[in-house]
Structure formats: structure tokens, C-alpha cells
Amino acid sequence: MSSTTPTDGLKADGLQGTTTVVDPVVAKIAGIAAREVPGVHALGGGAARVVGAVRDALGQSDLGQGVRVEVGEHQVAADVTIVVAYPEQLHIVAENVRRAVSTAIVELIGMEVAEVNVTVSDVHIPGEDDEPDEPRAA
């Protein structure tokens, strides 16, 4: 689905028309906003992060990864899946993500936000996914 915003009457410059914002654009804006929140290590669940790592390696990052949106005529609902960096407080990071995503949608797209649901799918512990410096003996 996409959002189409009609103009009411003539604008000051005399132009009329509609603006259509498609779902992937809304998801990308929400993803960028969520990634900027301190304490967010990554977006998406396990499988999405694996696919995302491959896309990153190919130089084709998906900024909407881990975000699903439903765009109506005037409102947006978003579901955001995050991985929180340890030892951040999960509920505070989730609330900050909710606030950042909502603010970005309102300010950049101009639509109301019905809800932003945040799912914490994992906690990232520093060093847990780092590769060892020396190869292991077989």
C-alpha cells in the first residue's frame, strides 16, 4: 500500500496535485531513525541480519531491514525489530526507538503515527561475534 496525500484547493503558487509515498520509503525512513538511537546494535531478527550482512558485503544495504510498515490514507503503523547492545536498558532503548521512528514519520513524511511496535529480538554482547585474531588449530 502507499500513502497519497491530495492537496486541498490551490496552493499559494497555484499548483495542485498529489504526493504518493510508497511503503519501502516509509520503512527506510523508520529504519534510519531506529539505527540512530543509542543502544541499538542492529535491526531485524536472526535471518534478516544474515541476509543484511550479505547485502552489506555487496554494497547494497537495506536500510528498511527489520521494519514493517502499514501505510493508510493518513496514518502509519510500524513494527520494528531491534538488537540491543548489552548492558543497555531494553525498555528505554525500545521507547527511544518508538519516539525516534514516530518523530521521523511525522516530520519527514507528514503523516500521523497510529503505533510503533518494537520487538527486541536479541542482545548483542561485545566480542561475541568478533572473529579471533589467530586461526584455530584443527
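Residues 24 or more positions apart account for 65% of the contacts in the protein with a separation of 6 or more. Keep that in mind as we walk through this predicted model.

Let's start with the overall layout. The secondary structure comes to 3 helices and 6 strands, and along the sequence these follow the pattern β-β-α-β-α-β-β-α-β. The protein has 138 residues, and 29% of them count as buried. Its accessible surface comes to about 8800 Å², with 52% of that belonging to carbon and sulfur atoms.

Now for a pair of helices. Two packed helices are described by the angle between their axes and the distance between the axes. Here, H1 and H3 pack at an angle of about 135°, and their axes lie 8 Å apart. That angle makes H1 oblique to H3, and H1 passes H3 in a right-handed crossing.

| Helix | Residue range | Residues in the contact |
|---|---|---|
| H1 | residues 23–35 | Val 26, Ile 29, Ala 30, Ala 33 and Ala 34 |
| H3 | residues 90–109 | Val 97, Ala 100, Val 101, Ala 104, Ile 105, Leu 108 and Ile 109 |

By class, this contact of H1 with H3 has 12 nonpolar residues, no polar ones and no charged ones.

Finally, let's visit a single residue. Where is Val 71 found? Val 71 belongs to strand E4, which covers residues 67–71. Is Val 71 buried or exposed? Val 71 has a relative accessible area of 3%, so Val 71 is buried. Val 71 and Val 113 are 42 residues apart in sequence, and their C-alpha atoms are 9.4 Å apart in space.

Conventions:
Residues are numbered from 1 along each chain as its sequence is written. This is a predicted model: local features need pLDDT of at least 70, side-chain atom pairs count only at pLDDT 80 or more; totals for chains, interfaces and linings use all residues. Side-chain values use heavy atoms; hydrogens and water are left out. Helices (H or I, at least four residues) and strands (E, at least two) are DSSP runs, numbered from the N terminus. Buried means under 20% relative accessible area, exposed over 50%, partly exposed in between (1.4 Å probe, protein chains only). Axes are lines fitted to C-alpha atoms, for helices over the stretch in contact, and angles run from 0 to 180 degrees between N-to-C directions. Angles under 35 degrees count as roughly parallel, over 145 as roughly antiparallel, 65 to 115 as roughly perpendicular and the rest as oblique. A crossing is left-handed if the near helix is turned anticlockwise from the far one by less than a right angle, and right-handed if clockwise. Contact means heavy atoms within 4.5 Å. Ala, Val, Leu, Ile, Met, Phe, Trp, Tyr, Cys and Pro count as nonpolar, Asp, Glu, Lys and Arg as charged, and the others, Gly among them, as polar. Accessible areas come from the Shrake-Rupley method with a 1.4 Å probe; for residues, only the protein chains shown count as cover.
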